[in-house]
Amino acid sequence: MENVERLTKTVLHIENLDCPVCAEALQSDIQKIKGVRFVLVDFVSQTITLEVDSETVLKKVVKTANNFEEVRVLDGDRYASKRKSRAKEWLQIFLSAALLITGVLLLYLVDGKSARIVAYAAFALAYLCVGYPVLISTAKNVCRGRIFDENFLMTVASIGAFALGEYWEGVLVMLLYQLGELLQSIAVESSRNSVAALMELKSESATIIVGGEYKQVKPEEIQIGDILLVKVGEKAPVDGVLLTKRALLDTKSMTGEGELKEVLEGGEILSGTINAGGVYEMKAMHVYADSAVARVLDLVENVAASKAKPEKFIAKFARIYTPVVCLCALLLGAFAPLVNGWIKGYAFEFVRVERWVRSALTFLVVSCPCALVISVPLTYFSGIGACAKAGVLVKGATYLEVLARAKNIAFDKTGTLTEGNFTVCGVDSADGNEQELLAIAAAVERESAHPIAKAFENCKISYKATDVMECAGQGLVAKIDGKEVLVGKEELLFEHGVSVIKKQDSAYTQIFVARDKKYLGAIYVGDKIKTEAKAVLDELKTLGFERRVMLTGDNHERAEKIAKEIGMSEVNAELLPDEKLKKAKEFKQNGGFIYVGDGINDAPVMMAADCAVSMGKLGSAAAIEASDLVLISDRLIGLPKAVKTARKTRRIVMQNVVFSIVMKGAVMALGALGVLPLWLAVFADVGVMLLAVLNSFRVRNQS
């Protein structure tokens, strides 16, 4: 009996699928196969994402895809395959053009029957050189009941030109169409490559050190705790910590930042970063499946899962639009001559049939909605690629649309606006000896289990504290070299008769220190504010985010101080997860709402937000899963970049929609009136499509 064990997600890479309407048709065909649980066909990334019940079903899917027009499922190097295909297409176009020119020269410059026969033969060969793929696709689609596509339009137009005796024009229609398709394919592939570069983040192999010997393994074989050797120019295969004293990393591919990053012993190494210094050793902290690179690649593979509203509109528009214009062309060719006869002689007779049939064919050719159908999803794809280069992963085009429209934004505090761990953020020594002050405090705090004690882990300790006693909610009392030492709140020092010199209010927790009844100074401990937080909040304000809100479980006083320091407009503190969710729902009622967070307790709010942003490195798996955008390196600086890119993407989408519709309407009107010859109509159609596609490339240039 056949094994029907359900497979995990499978991604098939394909080629020669350059139309979103065709992608939907192929997806519909695959969905009809019994045993296919999920399928998503994306023309931009040239992939088929599947969940199937068995290997047999998978083989049926591959067969269906290979039988769909010119689509082929790739086994090897997609780029090598594409190069061979392109070379063949250019050869066909050049050969067809040469035969067309030969035929025209013979027809108009050489007299005699033999010259005309050779000219017609040249036209026939020229037509078949570039037209046979279109003719075959049209025949296949008609047999399957899919009639109204660009292949059908071009077949009817070119055959109609032949029927009218305009042989060279019929050839030129097909030649220009195929040339436009090739240029369009090159343009689309260029956009794909901008995101496909992300797929090179993964290392093909890794070097692990086992018993002093080096062993080559695949990244998927690395286990937590393995010691890895990374040579100059190699990528870190998984996330880990540095064991060598120092490493210099090129993090641009992961974070979008061009400046090299120095990591010291014990520091984190993010997978996908390139070793730009000397050889270093690292300890694996995650298996490959949980590494930053794996998350990036998974998101890239699934960027097409969510379509923006304009994309959905264009897809529906194309399905309705093409049959309607075909009907209009039929009416133009069949009824216009009849109306012409009635106007001319008040009789039901066909007048100037050839002229109106030619106009109908021209109208049919220029009606092809390629400019809209291709340029809109391509623009969103370029926008997603531009965000990825800036270190921001977007899970789908719809979130770019939300990001572009949003005016309200809320942030979690810990791990989002702050670093997420306690550190010594400042020292205020009464006698100027900061090292002495830190050494005394660290010696006492080392004996404590309080979370704040972790802030002193990296401090140099030159004393030994004894008789350490913890005063609940106040601090610590201990002895160093026989002298009483107090470390804690100002109330603790007051109780022991020590006056505190409190110089300033601070967003950080102040720990006061005294020795032998003498005040030594204050140490500022806290979750350090990220260096870029204020600049990012200021830039978001400039971008029109007037409402910038902090939602945190921290106490009001500390939250207010941090908010004031970084320029946050509103603060909601001491919130439980359900209270955060309630606040988020309130904000949603005032327009598009973005939430930026990193913790497990942020996941419910993220699910409720219109657009959720998570920290990719420190963020919890639950938060990343619930989010729509991921800041790969945890740096907030990518957020305003993503907003700018989203707005630019939306502007270009609207430009392409308006430009394509206006130009199409104008050219179709001229074609219907008989002003445009058939070949010029094709040229205009190709020109509109290429201009729209090229305009979509502007998204790549960061503003």
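Here are a few notes on one strand and on the aromatic pairs of this predicted model.

1. Ground rules. The model is predicted, so to speak of local features pLDDT must be at least 70, side-chain atom pairs need pLDDT 80 or more, and totals for chains, interfaces and linings use all residues. Residues are numbered from 1 along each chain as its sequence is written, and side-chain values use heavy atoms, with hydrogens and water left out.

2. Neighbours of β13. Strand β7 (residues 227-230) pairs with β13 in the antiparallel sense over 4 bridges (pairing takes at least two DSSP bridges), and Leu 229 sits opposite Glu 281. Strand β8 (residues 240-242) is also antiparallel to β13, over 3 bridges, with Val 241 opposite Lys 283.

3. Aromatics. The whole structure holds 5 aromatic pairs (Phe, Tyr or six-membered Trp ring centres within 6.5 Å; planes under 30 degrees apart are stacked, over 60 edge-to-face, the rest tilted). Trp 90 and Phe 94 are stacked, because their ring centres are 5.8 Å apart and their planes at 25°. Trp 90 is partly exposed at 29% relative accessibility (between 20% and 50%), and Phe 94 is exposed at 56% (over 50%).

4. Ring pairs also link Tyr 120, Tyr 127, Phe 162 and Tyr 167 into a cluster.

How values were computed:
Helices (H or I, at least four residues) and strands (E, at least two) are DSSP runs, numbered from the N terminus. Buried means under 20% relative accessible area, exposed over 50%, partly exposed in between (1.4 Å probe, protein chains only).
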